[in-house]
Structures are given as C-alpha cells and as structure tokens.
Amino acid sequence: MHLGILGGGPVGVEMAVAAVRSGLTVTLMERGPQIGSNVLSWGHVKLFSPNSLNHSTAGLAVLQEMGVPHPAPELFPTGAEFVSGYLSHLGRYLDNSDKCKVLLGTQVLSVGREHLMKAQFCTKSKEREASKFRVLVVGDGGEEVIEGFDIIIDATGTYGNHNWLGKGGIPAKGERGLEKHILYNIPDVSTDKFFGGEEPKVSMVVGGGASAVTTLAMLQG
C-alpha cells in the first residue's frame with residue numbers, strides 16, 4: 001500500500017514514521033525547504049504542552065535506534081527546539097528509509113482519482129474505491145503529476161491560512177489591500193519592528209485566542 005502524506009509538520013512526520021514502521025510505502029510532500037518549516041516560522045514561541053505530550057512511542061523508538069538522546073519529557077520547548085531535538089531526526093530517519101520518499105520544496109496543487117472526473121461516482125462506490133489517487137505538485141523543476149497512491153492523508157494543517165479581521169470571517173474593509181503589512185502569526189516581538197528607535201512603537205493585537213494572548217504576553221514581557 002502506498003500512502004501520500006501532504007505536509008511535513010508534526011502530524012505528517014509522525015504518520016509517516018508509523019506507516020514506514022508498519023511496512024507501508026510512503027511519499028511525504030512538504031511545501032517548505034525542510035521538515036517542520038511551519039513550526040520554524042514560530043520557532044521563537046514556546047509550545048503550550050510539554051515534550052511528553054508531543055512525542056510518540058514510535059518517534060522515541062526511532063531516536064533510540066539512531067542514538068539520539070530523548071528530550072526531557074517535562075520541558076516545554078520552543079518551536080525551533082522541537083524541530084532540532086525531535087522532528088528533524090525523524091525526518092532524517094524517513095529520508096534514509098527505502099520505504100519513504102521525502103519531497104521538500106513541493107507544493108500540492110490538486111488531488112484527484114485516476115481517470116475519474118469530479119462528478120463520476122462521487123458517492124461511495126466500488127469504482128471510486130478501486131481508483132488510485134493522483135497528485136499535481138509544483139517544485140523547483142516545475143509541475144509534476146505523481147500517481148499510484150492508495151491513500152492520501154492531508155496533514156497540511158491550518159497555520160498560514162489566517163482568519164480575516166471582519167465580522168463573519170470576511171475581510172474587513174480595506175484589509176486585503178493592507179494584507180502584506182499585517183502579521184497574521186505570532187511575531188518575534190524582540191525585533192526593532194516592535195521595540196527600539198527614537199519613536200515609541202504602537203502595536204495593535206486583534207483577537208482573543210491563544211495566539212493573541214501569547215503575543216500580548218510577549219509584548220508585556
């Protein structure tokens with residue numbers, strides 16, 4: 001059985017490790033230049049949970065086989081520490097496995113079922129289940145169609161797909177024109193963009209979720 005896993009973050013990597021160790025063939029597609037690219041974009045932020053809740057039994061077994069010390073289970077790592085101390089090692093394990101192909105810098109554009117069109121056998125049917133998946137990707141070499149997947153697992157997550165600021169989840173008036181000037185993730189507030197210089201800096205944080213509260217705590221600190 002051939003699994004196509006979209007996304008090389010924690011979920012995608014853990015799924016790939018579990019599949020490979022179960023004897024399945026895996027192709028892991030990650031849009032970023034390395035495993036855990038999205039996590040590294042908030043690498044300065046501490047995780048909300050300790051290592052003990054972010055490591056799988058299979059992942060820890062891989063570290064042991066590779067001779068890599070287990071990260072302390074009680075510690076709360078930053079995103080960068082999580083990648084360097086855990087995910088990157090699992091990525092190396094997958095890259096060295098003859099059961100796994102890791103495609104970095106590869107963005108998935110579309111997923112389909114062999115010769116079937118969108119409306120053909122769109123409900124559960126033997127014909128649809130018997131048709132393998134095909135994936136259109138784009139990388140440094142341009143577009144490519146990869147075929148022969150029995151199962152596709154979407155582990156791309158939601159990070160990077162931000163919420164708009166307007167009521168009802170639609171863009172606020174004028175927001176789209178200012179999108180490049182708005183930070184929709186948890187920024188590194190230690191930079192001069194937030195502090196330093198002769199003029200005092202004013203930051204506006206919109207939202208009341210975990211990311212907003214974390215940003216406010218970092219600004220206050």
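Predicted model: local features only at pLDDT ≥ 70, side-chain atom pairs only at ≥ 80, totals over all residues.
Which residues on the other side of α3 are exposed?

1. Residues are numbered from 1 along each chain as its sequence is written, and side-chain values use heavy atoms, with hydrogens and water left out.

2. Start with helix α3, residues 57-66, where G59, V62 and L63 are buried. These residues lie on the same side of α3 because they cover an arc of only 100 degrees around the axis, the arc being that of the directions from the helix axis to the C-beta atoms. On the other side of α3, the exposed residues are T57, Q64 and E65. Buried means under 20% relative accessible area and exposed over 50%, with partly exposed in between (1.4 Å probe, protein chains only).

3. Among the elements covering the buried residues of α3 are α1 (10-21) and α4 (79-96). Just after α3, G67 has a positive phi of about 75 degrees. Helices (H or I, at least four residues) and strands (E, at least two) are DSSP runs, numbered from the N terminus.

4. Two strands pair if DSSP finds at least two bridges between them.

5. Between β4 and β5 (residues 133-139), which run antiparallel, there are six bridges. Look for S110, which stands opposite L136 in β5.

Methods: Contact = heavy atoms within 4.5 Å.
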